[in-house]
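Please look through the following structure with the report below at hand. It takes up two residues and then a pair of chains.

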Protein chains: 6
Amino acid sequence: MFYHIQKLINPIVVDEPDPAAANALQEGLGGQFGEMRTMMQFLFQSFNFRGNGIPYLDLIQGIGIEEISHVELISKTIAQLLDGAPGYNGDKFDTPGAGGEATLDIGRLAKNPHHFIHGAQGALPVDAAGNPWSGSYVHNHGNLVLDLMDNLVLEATGRTQKARIYQMSDNKTLRATIAFLIVRDEAHQMAFAKALETLGIDWAKTLPIPKFDSSQYPEVKKLLDAGLHREQYHFRLDSSMMDLIFSGSAPANDGTELVTKKEPDESYPIPVAPERPEEFAPGLDPEMQSLADALTEFKEKTIKTMEKKAGPNPRKKK
Amino acid sequence: MFYHIQKLINPIVVDEPDPAAANALQEGLGGQFGEMRTMMQFLFQSFNFRGNGIPYLDLIQGIGIEEISHVELISKTIAQLLDGAPGYNGDKFDTPGAGGEATLDIGRLAKNPHHFIHGAQGALPVDAAGNPWSGSYVHNHGNLVLDLMDNLVLEATGRTQKARIYQMSDNKTLRATIAFLIVRDEAHQMAFAKALETLGIDWAKTLPIPKFDSSQYPEVKKLLDAGLHREQYHFRLDSSMMDLIFSGSAPANDGTELVTKKEPDESYPIPVAPERPEEFAPGLDPEMQSLADALTEFKEKTIKTMEKKAGPNPRKKK
Amino acid sequence: MFYHIQKLINPIVVDEPDPAAANALQEGLGGQFGEMRTMMQFLFQSFNFRGNGIPYLDLIQGIGIEEISHVELISKTIAQLLDGAPGYNGDKFDTPGAGGEATLDIGRLAKNPHHFIHGAQGALPVDAAGNPWSGSYVHNHGNLVLDLMDNLVLEATGRTQKARIYQMSDNKTLRATIAFLIVRDEAHQMAFAKALETLGIDWAKTLPIPKFDSSQYPEVKKLLDAGLHREQYHFRLDSSMMDLIFSGSAPANDGTELVTKKEPDESYPIPVAPERPEEFAPGLDPEMQSLADALTEFKEKTIKTMEKKAGPNPRKKK
Amino acid sequence: MFYHIQKLINPIVVDEPDPAAANALQEGLGGQFGEMRTMMQFLFQSFNFRGNGIPYLDLIQGIGIEEISHVELISKTIAQLLDGAPGYNGDKFDTPGAGGEATLDIGRLAKNPHHFIHGAQGALPVDAAGNPWSGSYVHNHGNLVLDLMDNLVLEATGRTQKARIYQMSDNKTLRATIAFLIVRDEAHQMAFAKALETLGIDWAKTLPIPKFDSSQYPEVKKLLDAGLHREQYHFRLDSSMMDLIFSGSAPANDGTELVTKKEPDESYPIPVAPERPEEFAPGLDPEMQSLADALTEFKEKTIKTMEKKAGPNPRKKK
Amino acid sequence: MFYHIQKLINPIVVDEPDPAAANALQEGLGGQFGEMRTMMQFLFQSFNFRGNGIPYLDLIQGIGIEEISHVELISKTIAQLLDGAPGYNGDKFDTPGAGGEATLDIGRLAKNPHHFIHGAQGALPVDAAGNPWSGSYVHNHGNLVLDLMDNLVLEATGRTQKARIYQMSDNKTLRATIAFLIVRDEAHQMAFAKALETLGIDWAKTLPIPKFDSSQYPEVKKLLDAGLHREQYHFRLDSSMMDLIFSGSAPANDGTELVTKKEPDESYPIPVAPERPEEFAPGLDPEMQSLADALTEFKEKTIKTMEKKAGPNPRKKK
Amino acid sequence: MFYHIQKLINPIVVDEPDPAAANALQEGLGGQFGEMRTMMQFLFQSFNFRGNGIPYLDLIQGIGIEEISHVELISKTIAQLLDGAPGYNGDKFDTPGAGGEATLDIGRLAKNPHHFIHGAQGALPVDAAGNPWSGSYVHNHGNLVLDLMDNLVLEATGRTQKARIYQMSDNKTLRATIAFLIVRDEAHQMAFAKALETLGIDWAKTLPIPKFDSSQYPEVKKLLDAGLHREQYHFRLDSSMMDLIFSGSAPANDGTELVTKKEPDESYPIPVAPERPEEFAPGLDPEMQSLADALTEFKEKTIKTMEKKAGPNPRKKK
């Protein structure tokens, strides 16, 4: 059974919108080696797990749960990179296209026009070439060694692709999220490699993949310094046996130690996305809006609470 | 951010394996109107949510979180329906195919041979015709009224298809899970219909869809009597505003009331799936097994705990 | 602009339901070389047609319009082959699955369970292996000679596959429709071959493809005797220039002549499909039913008219 | 059975070619919520219709037939937006790429290169991200209430997406077609909403979706003023019972009335697409051309007739 | 540049046709982890290879070339398992379906009806669930370590799936081919594991995957005894540097040695597939047949040669 | 059985990188009518071939083998067009993205970002719109006449699309390869047309398709002058009977003769692709590199040999 808190696993950093960067980042969400795949692959492996190797089950499932939070983080990041692309800053009941103006011109020219036609400037379950995510991406072979190796290859590919995407833009919104994911992919490489170590494999100096000094990426360096690439939290309310595997010397053989943390890392506020009349989103007219408002006496309080969480909305009209 | 406990949202009932029933049930997991779709659709809608209608956000997201637990439940159910199909009851290190015997004959003839070739007799992210789940199933239009109506149609279709699958077999493992999902789909229909009621629509007597007396299904009747079709828990550790919508008279206009519950429903033990040598799952040989065993001094305790949770494994050799 | 009359291009013959035959026939509807492809390919070619070769345009488009009626015919045939598969003959408000009976057992075991889970025992836009129809099937190269040759190959493949499906069952419902389509595919081979003849090609004795004596199929023989394989009607309310091509000696070089007909062939009544409570189709409860009934004072007349068109419903309870 | 006249349901307006606008418009043709889907979904629902609710059948099927004419209109519009993109205005037997010139440079840089590689600057059965249309888009649940609601959501999504595409360009060719489709989608929303009203639902002020003042779009306003959003013609040569549903007060509850028209709206000439040597379309060489010309003594007359229909070809060399 | 000899890499053994076994074997041909994938993945990796590590290039490419011969072998095996399924043994010009007989009844009931509708009882580029092979299966990450690990996982999965398929039937045609492929997959696991050893990894006792005593499969044992699981030939006419990697102790750490062979293994005759009139294959009528026969004075000799290669055709009418 | 030499069938010409041209060329590799399709279609047809028409088998298979070398050539061409796109000319162990620079900016803006995220600037098995290659493209009808006609349409479409792509850029790397393929597609049109001539068809003046004077393309003219469009080599080490068909007057009826060549055409060196640190390709760190180097005493010799083959690497830092 799954639970949620309405917070993010890593903060979203504010920068200009960049639809092309959003499109590249889609690979990390809906691509063949993106977070939807890791989430689904690890969850299916844990649901179909056989035998009594509970620490292995707990490790695979624990990482799978973390990946749901990655899907959440990367979706919010893409949405923020897309949001406001037409530079709209107007009043709430402005009329889109009034007078026949081509206010969404950017959508016609976007890398993926679906971001503006389907998704109201939000994240989509597709990759950077516009292909929808497919269930065929999920590998669950049933054989423990094979599943662990497949997972290691998956995390290594994820890290490789993200380190390439990192170089594609210096947008801060993109970089904050991608740097976090590069570091977490490294932690997960360590997790699956360590599990294979318990079954006999010695990785020597081949890990992590790709083998480059990621501390050269400034946004990554900060997180490495904090040790985020060698720690793991199990995201379980009823504890787990993950630490029987995720502890001791790291399979990177660089003198570092793996740490299973008792308490979760800090969580971060979720930004409030503004209304977008040009997308008819959420698209309530004044009459329906007043019905919606009548729902709650806590309305005003709510907005204040959300803004307190997220900080003032930088695009709000002054 | 997401959390987990290693328990199920509804109990798995023990009955004979039935691979054809497992295949039909795949529609409810990886089909166009199955639980993977509802989970992903509601999560994407909540990640991309715009504006300050927080109770609507909390309702959509809350149901989305519940759907992850449905994916877990239905996956475990399919796995159990498949498990042991070849009638294997032997010792752990029996050798598959020894002497050239066609021990997996059933796999060649199965509705979906992938259950035996790919999945080690486990659930797959595909539908009942073997098509992999596709990201194109996820609808997130951005417009609140439209998203709520799409969700209502989705839940109505889910309920219709499950009520058809219910009639396809009287296997108890299948029926326990499908009956639970029929009832929950009805609760979710109420949720989205109620949200639309707050915006003005009057459903008269059209709901739920399909409009039939589901209490004629004995397994469903028990859950209706318990009121499970009119209650909703938000699965949030930090509470939510869902109850501003999910309360008051049900849109079915049958005199019932909607109830948002403070505390979650009971949770249920997860059965331990046995090893399957014929599938090489988990497939550790004695040498690797002893390495795995050496991991933990809690090993024996673990197995006992798992069996205590799941009850004694009915297929275990005596 | 398109128009319709609620009649069929060929009669549906009554026989027992046969879901496996229905599934094979799906290839002729939603397969890569089925009627949805021919319809869409010829329509796209006519919409994108270039230059002033109006007789070629009229020929391609005229056949495309006929193909819509083929899609209608084959859909109704599949629906009839599926209908009543569970052998249900009960009253209108019988309750599906009452008392927990597995009344739709057949759906679990069907070649394509979607026929019973998705489609309420109706035709689907998929092929005989369950793959959905794809826009990538449509070939429209823009080059006239190439498009005509592609169309000829398409019709030849359609005829080949249908002549194989013919041999797969002696069900009369299947055979009546498949025999008609075999003959019409031959007429369309002649049409595209003749158009290529006007551009210089001499087919000698290679046509039709496949080259076998289809009069050995009794249901086909009747239609050949009626000359249906050498005539074409343009289905245009404003006439066309198709006959400038479709006339003169047939490219099969067997002494026959092509005839463009001024008046359409006869049309045939559309059978009324009965309600299926076990599929919740159409699924109105008594209250909604009375609302629907109140729509029209012509109700009784309507049913009589429909039955007069289709003949008495053979499965109706006496 | 289906019939055709070689006219369009709405006029094509002449403006400059714009391949990016053509690509955006592909969503309306081959997208998940485009005209190919509406056409196929309503036709399948009518072919698989169960029970004696003939007015519902006639309504669903009548709209389905209209959608075929929409597919025709939008295809011609896309073709016109693409046509001549390389700015070619030369003589008929000009040689493409002569002397090695990169005359189709635009194709390499187009949003979808298939428009120039596959389609000879013509419409394709794909969406704005290049994905081919899929049979899985077609929803036909069998349950009448569910099918009507699905259709309403489909039309609402179509209208939403088209109102977004409207804002993406002020090209007149695009705008004339998209404005017509926005208005017709509204009429179809009314049709399915009204059918649901007959079964009890009261929509209050939620319709149409999206809820915005579309008269702010000048091209749309003209059509609203003409009442095109509240009328429906059944496109049946043998009449229908559609008007039993489509009449009386509109479900938008804005004081307007629904009108089922006895006679069709006006129809419009189809523009003649010029030859494109750089695409080898139609690509007859002089020898084959003279064979084709010999087909008909009506040749000259034909061209004159076509030009009279479409007006003089604006790109024809003077 | 590629060359061919018309011989097989392993002999086809004669047994009864078994369409269900043929269908299971499709997974090994067109499945996500089948021979089309290995062939394409290794060829793409070699075409896109970077840097001067020529022995690695030669190893990857050499195995890729061998995989084309596996595609050939497995295709011929599937074709043989399907061939004659309807039990046809008649004369060459027998007429299919004469008198309306349902001679291809088996096709309607087959696991994949496409084997009889599309493929004239031949192999198809699809998997065991009927999904067409997809280019998305090909992984070519560009990073050498990552590509080698991905290849190892691929070969391990191939071996696992084939060892499951082995158990699904004791048909000798199936078993001879599947046993050969199990052994070769093991050799290829060794190849990629050894390449990773040269970069530092120590596999201890984890290989091969799955870790079971495959000598318990009698057909496999014979090939293991011959050492076929530890040798590799480079299939290069211009030699290669593969042996710099593929030599020395096997990474299975079982005391065996890897051997790169100078000369290829023996090659085997290709069986002649008989005509199938019921499939219209090859479908020449007597007139066309005589044209074809006139092609060559070597005709008689040819047939004799082919029969000498393949042995007498066991299904030929006496 | 298949063999290889590490040479190309046509030389790669050096010019500037052009990722958009590379993307257009993908259509020729992984498109529906590209070289992967021709290769697979002809190989499947030859593996599933029925009957004793060996010269037809040898012709189809011989062309299929040549197509593998086309896949190799076009892959290398695409890789070269992509390579170095970011203009990197630095030292081997430069660090990608050091200091946070967006060195791969080009990837975000590329027509297909996968070329930089997935493929390390290498060819992919996808088309110009980013769709992965599909097994459904392979047509193998079993009927000889039908298969030959399908192949003719396929080659004609390939030639048409390539003649369009030719006009899209004057990049010399693109043009050298595309001109070669245009000419070879013409030779293959002749081959299948000639085979159909032996069965009776007379093509008059319709071939080749498209019918234009391709000698107007300067790069094509050179190859036509050399007669490359009328000759065929069988790529068989054990000879073949192909020449019984491929000889005599060409079906283009232009006075030319078809020639089956005894000896293969010349073969050409394969360029060495440089390392790309920004893609982590091959991505060995110094430690692993020294292990790899230790593999062979022939190392230095190897590099020299490769450079001798390919000429000095034009992008190598001086």
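Which residues does F:Phe42 touch, not counting residues up to four places away in sequence? The answer is F:Ile60, F:Gln61, F:Ile63, F:Gly64 and F:Glu67, where two residues are in contact if their C-beta atoms, placed from the backbone, lie within 7 Å.

This is a predicted model, in which local features need pLDDT of at least 70, side-chain atom pairs count only at pLDDT 80 or more, and totals for chains, interfaces and linings use all residues. Residues are numbered from 1 along each chain as its sequence is written, while chains are lettered from A and ligands numbered from 1 in the order in which they are written.

One of the contacts of F:Phe42, F:Gly64, is 22 residues away in sequence, yet the C-alpha atoms of the two are 4.8 Å apart in space.

A second residue, A:Asp58, carries the feature "binding site" in an unreviewed UniProt entry; such annotations may be inferred rather than shown by experiment, feature names are shortened, and positions follow the numbering used here. A:Asp58 touches A:His234, A:Ser240, A:Met241 and A:Met242, leaving aside residues up to four places away in sequence.

The table gives the burial of both residues (buried means 20 or more other C-beta atoms within 10 Å of the residue's own, exposed 12 or fewer, partly exposed in between, with C-beta atoms placed from the backbone).

| Residue | C-beta neighbours within 10 Å |
|---|---|
| F:Phe42 | 27 C-beta neighbours, buried |

Turning to the chains, chain F can be laid on chain E with an RMSD of 0.0 Å by a turn of 180° and a shift of 0.0 Å along the axis, superposed by least squares on the C-alpha atoms of residues with pLDDT of at least 70 in both. That is the relation of a two-fold axis, and the same surface serves both copies, since 100% of the contact residues of chain F recur in chain E.
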